[in-house]
Amino acid sequence: MGLLLLLHVLLVTVVATAPTAHAWGKDGHYMVCKIAEGFLTDEASTAVKDLLPGWAGGDLAETCLWADKQRFRYRWSSPLHFADNPGDCKFDYARDCHNTKGEKDMCVVGAVNNYTAALKDSSSPFDPTESLMFLAHFVGDVHQPLHCGNADNLGGNTIKLHWYRRQSNLHKVWDVEVIETAMKDFYNDDRSTMIEAIKLNITEEWSNEEKQWEACRSRAKTCADKYAMESAQLACKAYEGVEQDSTLEDDYFFAALPVVQKRIAQGGVRLAAILNKIFSGNRRLQSS
């Protein structure tokens, strides 16, 4: 619980430098949470719906971009969206999980661990509705490879390039451009159709992997450090052949799309597994 206490104490004073792009964008975060909804147990689904704010209409996915919208309200939360490394394709918690002032646990892995702990603790003083919305968002973030990218270029934010004919940057390509291009080219700009295609892959192409995705032997914490390590390794491949003022087109798109779709799937399955574990036995929390 140390991180959450630190976050609230530093609410006014901490201003951290963070990438300007939003992880996965609206569509990616929505997809992660919509997939998660389908893997929730009845007990977890009921508990989650009890905690959702009224404006969500009982839909977890509607809340999954909320954390990005709070960056200016909760400035301390900016470093919680990522866990960049010095470019060695690895995530090391002791080395990489801190903000620009060196304060520990201030990264996406620390956030997943600590918001999970807050939801498990019925006596926690922190608002469980906000904890749920932060957790759902950050599980999505840790699965976006460039949120565990090279700190020197802010996870690809400073690598300016063209995505086909449009100006962009490498981070935005992974947040938004690949998903939007796929929706336009293959899914008739219909997010629901793309979600169904990813779900079909989970039950068919990735059916032998799905149980491994959700498995986590850690009893004290989540396995978010493992998810960050996966992203850091994928980020290294995402940088390959990309330079300032590059133009990325079909070759890059068709290499990136399967990675993006699988990370969205993994994020959804794992978010559900975390929530199922939190709310096992139908232990409900009430939002203050």
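The link between Cys33 and Cys64 is left-handed, with -105° about the S-S bond. This pair bridges distant parts of the chain, 31 residues apart: Cys33 sits in helix H2 (residues 25–37), and Cys64 in the loop between helix H3 (42–51) and helix H4 (66–69). Helices (H or I, at least four residues) and strands (E, at least two) are DSSP runs, numbered from the N terminus. The sulfur atoms of Cys33 and Cys64 are 1.8 Å apart, and a disulfide is taken here as a pair of cysteine sulfur atoms within 2.5 Å. Both ends are hidden from solvent, in the sense that Cys33 is buried at 0% relative accessible area and Cys64 is buried at 0% as well. Buried means under 20% relative accessible area, exposed over 50%, and partly exposed in between (1.4 Å probe, protein chains only).

A word on the model is in order: it is predicted, with local features requiring pLDDT of at least 70 and side-chain atom pairs counting only at pLDDT 80 or more, while totals for chains, interfaces and linings use all residues. Residues are numbered from 1 along each chain as its sequence is written, and side-chain values use heavy atoms, leaving out hydrogens and water.

By the distance rule, the count comes to four disulfides. With bonded cysteines counted along the chain, their pattern is 1-2, 3-8, 4-5, 6-7. One of them joins Cys89 to Cys236, with an S to S distance of 1.8 Å. The torsion about this S-S bond of Cys89 and Cys236 is about -100°, so the disulfide is left-handed. Cys89 lies in the loop between H4 and helix H5 (93–96) and Cys236 in helix H11 (residues 224–239), so the pair ties together parts that are 147 residues apart in sequence. Cys89 is partly exposed, at 27% relative accessible area, and Cys236 is likewise partly exposed, at 21%.

Another disulfide is formed by Cys97 and Cys107, whose sulfur atoms are 2.1 Å apart. Its torsion about the S-S bond is about -95°, so this link of Cys97 and Cys107 is left-handed. Cys97 lies in the loop between H5 and helix H6 (108–120), and Cys107 in the loop between H5 and H6, so the bond ties together parts that are 10 residues apart in sequence. Cys97 is buried, with a relative accessible area of 2%, and Cys107 is buried at 1%.

Cys148, by contrast, is in no disulfide; the nearest cysteine sulfur, that of Cys107, is 8.0 Å away. Cys148 is buried, with a relative accessible area of 1%.

Leaving aside residues up to four places away in sequence, Asn169 touches Gly156, Asn157, Ile159, Lys160 and Leu161, where contact means heavy atoms within 4.5 Å.

Finally, the largest nonpolar core holds 84 residues, of which Leu60, Leu170, Tyr252 and Leu275 touch the most other members. Helix H12 (residues 250–278) gives the most to this core, with 13 residues. A nonpolar core is a set of buried Ala, Val, Leu, Ile, Met, Phe, Trp, Tyr and Cys residues joined through side-chain atoms within 4.5 Å. Not counting residues up to four places away in sequence, Tyr252 touches Trp163, Leu170, Val173, Trp174, Ala238 and Val242.
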